[in-house]
Amino acid sequence: MAMAVAAAGAVEGQRSSKLVAALSRTSAAFLFFSVVVVGAVAVSTRWITTTTTLQVSFPTAAAIPAAAAVLHPETQHPNPSPQSTSTPPRPPPAAYSISCPTPPVRRNISHTTKASKSSQTLALALSSSSSCRSAPDLLPATATAARSPSYSSCPSYFRFIHEDLRPWRAAGGVTRAMLARARATASFRLVVLNGRAFVQRFRPAFQTRDLFTIWGILQLLRRYPGRVPDLDLMFDCVDWPVVRTHLYRGEHALFMPPLFRYCGDDRTLDIVFPDWSFWGWPEINIKPWDALHKDLKDGNSKVRWFSREPYAYWKGNAAVATSRQELVKCNVSSTQDWNARIYTQDWFKESKEGYKTSNLESQCTHRSLMPLQHYWPVRNENKCASIQYAVDWGNSHKQLAQRIGKEASDFVQQEVNMDHVYDYMLHLLTEYAKLLKFKPTKPPEAVEVCPESLVCQAEGTEKKFLMESMVKSAYDSGPCDLPPPFNPQELTMLKQRKENSIRQVEMWERRASTTR
C-alpha cells in the first residue's frame, strides 16, 4: 500500500495508496508506487477505490552530500598541517561512467511494432553475451573507507517495512520452499551476490516496468557499494496484490510466499517496493522523479490556490478498470454536473502527438479535495454524489481545503525524494535478507545485469531516462536511521484514526443529502 496524499488531479492511476498516518493495514507503505504532487497531480495512482480515498501517491529537495569514500579512501587525503584547526574538505566524488564498446544488438522491427507492450531492451540485455565485469567485486564500504554517520532518522512511514516483513519473521524466516512458491506469478527473480545483480526473467512485464525496476536496484548498488546484502527475491510487476492473508494463517504460514510488488492492501501480504516510475516511464513520457519533481513544483506555483478551477479532476485510461469506467459517468453532462471534470486519455494518440496535452506540470490548475489531513475519502457506492459533496465542501471551506492541500504538498516536498527512495530500498532489502534461512546462490538460468548491459541495449526515450536517472557516484553517508516497529497500540490508533475520519465524512454526506 502506498501513502496517499489527496489531490484533485490524477494521471494514469495504477497503485493502491492510502495515507500513512491512517493506514489500516500492517503493511509497508512506500508511496513510491507513484509520483504525486499535492493539490495538483498524481502519477500512477488509483484516484478512487472502494470506500477509501481520492488516492494519490507522493516525494524533498534535501540533497544528501555524496563523498564517494569507496573511490576516495581517507589515505588519499593529506593530513592537515599542525597550524590548521580545520579538517580539509573531501575532494568531490569520482563520477561513474558508462561506455558501450560494441553497438547494440539489432532489433527485430516487426516484432517491436507488434509487441511494444513489453521491454525488448531487457530481453536483449539478458540474451547478450557481453560481460558486466570490468572490476573486482565491491567490498563493504566499511572495509574501504570510513563512513560518515547516518544523516537523520528516516520518515515515519519507514516503520511499515517492519510490518510488511512481520509475517515471515513470525514464521521463523524465509525458506527456499517459500521463495519457490512466489514464482507462480513473479515477473523475474533477482539475486544479489557480492554487490553483483543476477536476473532470471520468467515472463515479460507490461511495458518497461521490469526494466526500470531492475535499473533502480542497480542504481542502489552504485549508490551504496558493498552495503546491499546477498539476497534472493521474486518480483511481480503487476499492480494488484495476490498473496491473500487468509490463506496463510496458522500452520499454513509455512507456505507463505514472499512476493515483492508495487502495492498492497489490507487483505494481502505482498511486500511493497518503490514504483518503477521513480526512474522514468518512457511509454507515457513521465520523467525520472528528480526532474519531474522540479517540474511539478514549478507547475504547482503557476496558479494561485484560489484561482484554480473548483472541480474534482481526473485524467487517465478509463478502459483498464471497472471503477474507472464508473468514474467516467461522474463527468459533467447536459443534464447533470457532479462538480467533476473527467478526461479519458488515449496514450497511443498522445505519443504520436508528442504528449502536448499530458505534461503533468501543466495540470496544476485544480484544487485538491483534501479535508481532514491529506486526502478526502470518496465512497465506491454512489460515487458521483460523494465526489460532488467533496467538491462542495472544499469550495465552501476554501481556507481549510488550502491548508490541507499545503500540508500534503509539504509532505511531498519534505518526506519523499530520491534519497528516501534509495534508503527505503536499502533498509527493506537489508531486513528481508536477514530473514533468509538459506545462502543465496546464482540460479543456473540467471544472467548478470549491470548499468552498461541495459543502457547499451536501450534506445530513444528509454535510454534517455536511464541515463538521466543514473546514480553518478557512490555515497559514504547515509542511509537514514530506520525507526523501530510500531507497537500494537500504535497500529490500533492508526486504524481507528482512518476509520473515524471516513465515518465522519460519510456522516456529513448523509446529513447534506437530507437537506437537498
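**Entry 1**

I started with Asn285, which sits in the loop between strand 8 (271-272) and helix 7 (289-300). A word of caution to myself before going on: this is a predicted model. I checked the backbone of Asn285 and found a positive phi of about 60°, although the residue is not a glycine.

Next I turned to Gln207, another non-glycine residue with a positive phi, here about 55°. I located Gln207 in the loop between strand 5 (196-201) and helix 6 (209-223). Is Gln207 buried or exposed? With a relative accessibility of 12%, Gln207 counts as buried, because the cut-off for buried is under 20%.

I also went looking at a peptide bond. The one from Gly478 to Pro479 is cis, with omega near 0°. I placed Pro479 in the loop between helix 14 (460-468) and helix 15 (488-514).

In which order do the six strands of the open sheet run? I read it as 8-7-6-4-5-11, with mixed pairing. At the edges I found strand 8 and strand 11 (447-449), each of which pairs on one side only.

I followed one pair in detail. Strand 4 (residues 188-193) runs antiparallel to strand 5, and I noted six bridges for the pair. Within it, I found Arg189 opposite Gln200 of strand 5. I then looked for what packs on the sheet and came to helix 2 (residues 120-127), which touches strand 5 and strand 11. The direction of helix 2 makes about 110° with that of strand 5.

**Entry 1: A nonpolar patch**

Which residues make the nonpolar patch of about 270 Å²? I wrote down Val238, Trp240 and Val242. I placed Val242 in the loop between strand 6 (231-235) and strand 7 (259-261). I checked the exposure of Val242 too: its relative accessible area is 32%, so Val242 is partly exposed.

Note on methods: Residues are numbered from 1 along each chain as its sequence is written. This is a predicted model: local features need pLDDT of at least 70, side-chain atom pairs count only at pLDDT 80 or more; totals for chains, interfaces and linings use all residues. Side-chain values use heavy atoms; hydrogens and water are left out. Patches are made of residues with over 30% relative accessible area and no salt bridge: like charges are joined within 9 Å, nonpolar side chains (Val, Leu, Ile, Met, Phe, Trp, Tyr) within 5 Å. Accessible areas come from the Shrake-Rupley method with a 1.4 Å probe; for residues, only the protein chains shown count as cover. A salt bridge is a side-chain nitrogen of Lys or Arg within 4 Å of a carboxyl oxygen of Asp or Glu. Helices (H or I, at least four residues) and strands (E, at least two) are DSSP runs, numbered from the N terminus. Buried means under 20% relative accessible area, exposed over 50%, partly exposed in between (1.4 Å probe, protein chains only). Two strands pair if DSSP finds at least two bridges between them. Contact means heavy atoms within 4.5 Å. Axes are lines fitted to C-alpha atoms, for helices over the stretch in contact, and angles run from 0 to 180 degrees between N-to-C directions.
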